[in-house]
There are 4 protein chains.
Amino acid sequence: MAIKKHAVNPEDDLGFGTQAISQRVINRDGSINVKRIGMPLLSTTNAYNRLITMKWPKFWFIVLGGYSLANLFFASVYYAIGVEHLNGTEGKDSFHRFLDALFFSAQTLSTVGYGHISPSGIPTNSVAALESMTGLISFAVATGLLYGRFSRPSARIAYSSNILVAPYQLNNGRGLMFRMANERRNTLVDVKVELIFSYNEQTPDGKPARRFYSLPLERSNVSILTLSWTVVHPLDEKSPLFNATLEDLKNSRANFSVLVQAFDDTFSQTVHSRTSYDFDQVVWGARFTPAFFPDETGRVNLHLGKISDHTPVELSANA
Amino acid sequence: MAIKKHAVNPEDDLGFGTQAISQRVINRDGSINVKRIGMPLLSTTNAYNRLITMKWPKFWFIVLGGYSLANLFFASVYYAIGVEHLNGTEGKDSFHRFLDALFFSAQTLSTVGYGHISPSGIPTNSVAALESMTGLISFAVATGLLYGRFSRPSARIAYSSNILVAPYQLNNGRGLMFRMANERRNTLVDVKVELIFSYNEQTPDGKPARRFYSLPLERSNVSILTLSWTVVHPLDEKSPLFNATLEDLKNSRANFSVLVQAFDDTFSQTVHSRTSYDFDQVVWGARFTPAFFPDETGRVNLHLGKISDHTPVELSANA
Amino acid sequence: MAIKKHAVNPEDDLGFGTQAISQRVINRDGSINVKRIGMPLLSTTNAYNRLITMKWPKFWFIVLGGYSLANLFFASVYYAIGVEHLNGTEGKDSFHRFLDALFFSAQTLSTVGYGHISPSGIPTNSVAALESMTGLISFAVATGLLYGRFSRPSARIAYSSNILVAPYQLNNGRGLMFRMANERRNTLVDVKVELIFSYNEQTPDGKPARRFYSLPLERSNVSILTLSWTVVHPLDEKSPLFNATLEDLKNSRANFSVLVQAFDDTFSQTVHSRTSYDFDQVVWGARFTPAFFPDETGRVNLHLGKISDHTPVELSANA
Amino acid sequence: MAIKKHAVNPEDDLGFGTQAISQRVINRDGSINVKRIGMPLLSTTNAYNRLITMKWPKFWFIVLGGYSLANLFFASVYYAIGVEHLNGTEGKDSFHRFLDALFFSAQTLSTVGYGHISPSGIPTNSVAALESMTGLISFAVATGLLYGRFSRPSARIAYSSNILVAPYQLNNGRGLMFRMANERRNTLVDVKVELIFSYNEQTPDGKPARRFYSLPLERSNVSILTLSWTVVHPLDEKSPLFNATLEDLKNSRANFSVLVQAFDDTFSQTVHSRTSYDFDQVVWGARFTPAFFPDETGRVNLHLGKISDHTPVELSANA
């Protein structure tokens, strides 16, 4: 085992815990791989959180479903009170009378209120007043949710699919490298990156313990992320991975978590992005090929599809 | 009295004042235990603040109450002008005429405007124009309030019910410890914690003065709060509590205030959370039991309900 | 002249410029006393800025005025096309016909659309379609403006009316002191204050130049602003004001600008507040009297109205 | 070539890449001169980004165009179902029947719903219910977009058109200087500036490489930007440009990029602004003339139109 052991140091747990685990804490897509049990069942904040972060099709399904259910509910109430209290309806049978109630309900909920069907009597009028109020409030909620979804801060960063052990600088040096670029139209400034290496270490008592190291980087921040950025951890004597082999990484269930923080210049928000590379995503002996080129006018073109492209290279023996 | 005395140092008041008090400044739920007198009575910002932070039932009560009151007000105006200016009404007595005015008002305020009742004459038409305008503006205000409530930054952090004096590291060390975890679905990154100890000290002139110390922590920040985090103040020679006993804490009305700052990754907001432990929440000689376990699939499950669980342990005599 | 001269040092201008001036740069209420000429006349951002920051009465006047003007405009268009295209109207003379057009316009703009008056013919129908669209968009703008006004970050900090030269610590020390407290219900954490002293200095060539110094403070930040905070600049040997007299301050047109930054815990926003004290607000030889007291239940009450209260004291001669 | 060569140092690339280029990376207006290929075609965030940042005329064109297209679409559906299901219509020919459908559609989409035309039959009623729902949702989206446009953080900073080589301090010193001022009504505090110099360097193998230096500034931040601010890079021995001539700058395709960060006090947002000066915007031997003056009342007036004004001066030979 060539991963350098360090003293047990609580400063190193970085908030991930020190229990030996056989899973990633951070998934490839940046989400957290921990299940929380005992969260409050009814929480407006959690509900809002879900509605804001779910995929669009699911969101629209919920909006349309809610509109339909509310309509059916109020239609049933009008029907129960009696459609004879809806002036202008002329349904011949139960089905058509229910439809009349349904269409009146839709016209009330959306506040379009044509008026060719209109409520009469205290109960129907009261329900109609309540329904139009409900419509307005629901619509206010929808406005808030839509704005919340649109304006939610989010960086979409394209990461290379692999993390490479590549030649680095002179003297047969090596570096651990991955590449990233901004996939969005917004400008990211003040970009900071942290690379956390974790693995299972055999402690003297035979029980494995999970260790975490924040790996030093050649450069951990850039002023502005215009092109692709190759993040490099130099595999020199200071690295816990100096003499490690691919086999070592596999045996210790090594994982490299990437935490990126940036400032989104368009929306004035600090955004975060995460990913992680498991030991089986490490390519030993490869180099990234360029991802940007000048076009015929001399303007630089950045090809996001080429961000993962690499070519094998021979690594010299470690000095 | 074994709490180490320090020179009177104004840098230590941390904004809490140095007057001897027999109360917490920060309540268990994180609110501030100070009453302010002389605040401006009419302040939009204070009103907005209240409407945003009050509980949901109270909020809905105010919204529905406001809607009802506005309706009653405008209905009274239409009734005073005369319901004969509301075409399509056929109320036989005062009560039914007022109801007609009320339902017309509701249809106008919500802008549903069926039209089976419609205004005639200059006064009624003018009031109706004003009412629909009022409806729209109220609804705009409601939209803003709802969005403000939804998007309000807030961390909900579960704190252990007690703060423990527990064995810590080798050499019979002790630490003062509490535990915390994120109760929400959002991800908290860059979490910082400050632990402030305060107590009443007997000054030479016999008048007690309140002292405040920011206690040094084993680790005061984590990159990401995925699991539970046990915050530890080592009770070593550098601690003002090195030789203190539970009796000392009680006599000096000791309090431990916790100030947490974190970055909510989902909404790109810095959030704060606070709590405080009074001397009677200190457990002398106990250790937290684990709150997270791998489930059958190997995935880590964090049990929020177990965050306060602890078991008694014997403390060795201080070195 | 006893204000200590420093070398001309461009690092000291702090963004205020070094030209001798006979005015405050920062007004008592925190606004900036500079007129900018040549700003773009038509700028949505500047218009939004004005609408968000103006007083409420002016804001409502603009909203209601805009609604009325839009109504009058569209009414004139309907009238010009001919009210005979508005079915359901029965105005006998020009005035009543215009009123019919006006009420129809109001019902369209607010989208209440009772329908007892309805458009016919291509021109009137087209204008009505445009008007309802205008109504919706205006209402969307109003919603945005209202939310913008509500949620605008703002600290309201009560500053003492005067800045005092008061006894400070042992050894006959003196300090320059002012006092501040939070006037709002929201909690301010992480409060930082900067005190900038400026005065006109006679340069060797006889032309006065404005000098600026950031005065060192006994304590320049507090973790949480729960009570009142007395900010102190010690008048010791390191102070440029060590031997200065009230006369010196007056002759050099001295000014003390206060820049406060805090984090509003309720809305997760960094807020700023500013004020400034001119030489005629300096009280030589006075001490602030307490502004908070425990009430009968032992709870601390902070009296915002007493924030400026001070009592004269005799200053010992400077050491 | 008098630009001082430095060792090839990856810490110097500042996120711009080190490939020799014949173009600016940052345009005069602050936008980024890089084309990204392979961005996701359908992305709500990118669409929102575009709608928020486009010019107002284009935005209104899209809003009105969308409203018209939706109207035409629903009108076609009603027409296809048959206008005989729209009660109250009396179109004599196809064109007028389509117009009836169109006006009914407009009244439904805007929820004005006069009701003189009203739907009958299941298909028409269903489409109308869907249309009014669509209207409400579209309007919610429009509200969010408008608020997003209004509240988008943005600094508008006026930069001088040229960057000057001017006399600076005593001893025949020189400085590279540009000038900036706030063009907006909002107050900018805590303003930080970074000046990045880039040029093509001939490497030993004859291939030019782009080098980047963050130039040290006389003063890189101000507390509050009330007047104009002249940013100065002293051309002393520590500067890579110490002995450089205008010819050197031209031959190496020199560029000076300006990155400004500030805190907008009105909206509590961190804002960024960028510009860049190419070698042909450098004026060798000139000095800025004042841009602010006291008016007759003694109040300082800042003339934004004079921010670029400079006058030629003779430069002494470098020491």
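1. In this predicted model, 49 residues of chain B are in contact with 52 residues of chain A, where contact requires that the C-beta atoms of two residues, placed from the backbone, lie within 7 Å. The side of chain B that touches chain A draws at least two residues from each of α2 (56-81), α3 (94-109), α4 (122-151), β7 (188-202), β9 (221-224) and β16 (300-303) of chain B, the elements being DSSP runs numbered from the N terminus, with helices (H or I) of at least four residues and strands (E) of at least two. Of these, α4(B) gives the most, with seven residues. By class, this side of chain B has 23 nonpolar, 19 polar and seven charged residues; here Ala, Val, Leu, Ile, Met, Phe, Trp, Tyr, Cys and Pro count as nonpolar, Asp, Glu, Lys and Arg as charged, and the others, Gly among them, as polar.

2. On conventions, residues are numbered from 1 along each chain as its sequence is written, while chains are lettered from A and ligands numbered from 1 in the order in which they are written. Because the model is predicted, local features need pLDDT of at least 70 and side-chain atom pairs count only at pLDDT 80 or more, whereas totals for chains, interfaces and linings use all residues.

3. Strand pairing also links chains A and B: strand β1 (residues 34-37) of chain A and β16(B) pair in the parallel sense over four bridges, pairing being assigned if DSSP finds at least two bridges between two strands. Within this pairing, K35(A) stands opposite N301(B) in β16(B).

4. Between chains C and B, 47 residues of chain C are in contact with 51 residues of chain B. On the side of chain C that touches chain B, α2 (56-81), α3 (94-109), α4 (122-151), β9 (221-224) and β16 (300-303) of chain C each supply at least two residues, and the largest share, seven residues, comes from α4(C). The residues of this side divide into 21 nonpolar, 19 polar and seven charged.

5. Strand β1 (residues 34-37) of chain B runs parallel to β16(C) and is joined to it by four bridges, with V34(B) opposite V300(C). The bridge partner of P294(C) in β16(C) is also V300(C), and β15(C) and β16(C) run antiparallel, joined by three bridges. The three strands form an open sheet of mixed pairing in the order β1(B)-β16(C)-β15(C). Since β1 of chain B and β15 (292-294) of chain C stand at the edges, each with a single partner strand, one side of each is left without a neighbour in the sheet.

6. For chain A, the UniProt annotation "domain: Potassium channel", from an unreviewed entry, covers residues 72-146; such annotations may be inferred rather than shown by experiment. The end C-alpha atoms of residues 72-146 of chain A lie 24 Å apart, and the span is 68% helix and 5% strand. The domain assignment of chain A gives domain 1 (44-151) and domain 2 (154-312), with bounds from an automatic or database assignment, and the C-alpha centres of these two domains of chain A lie 51 Å apart.
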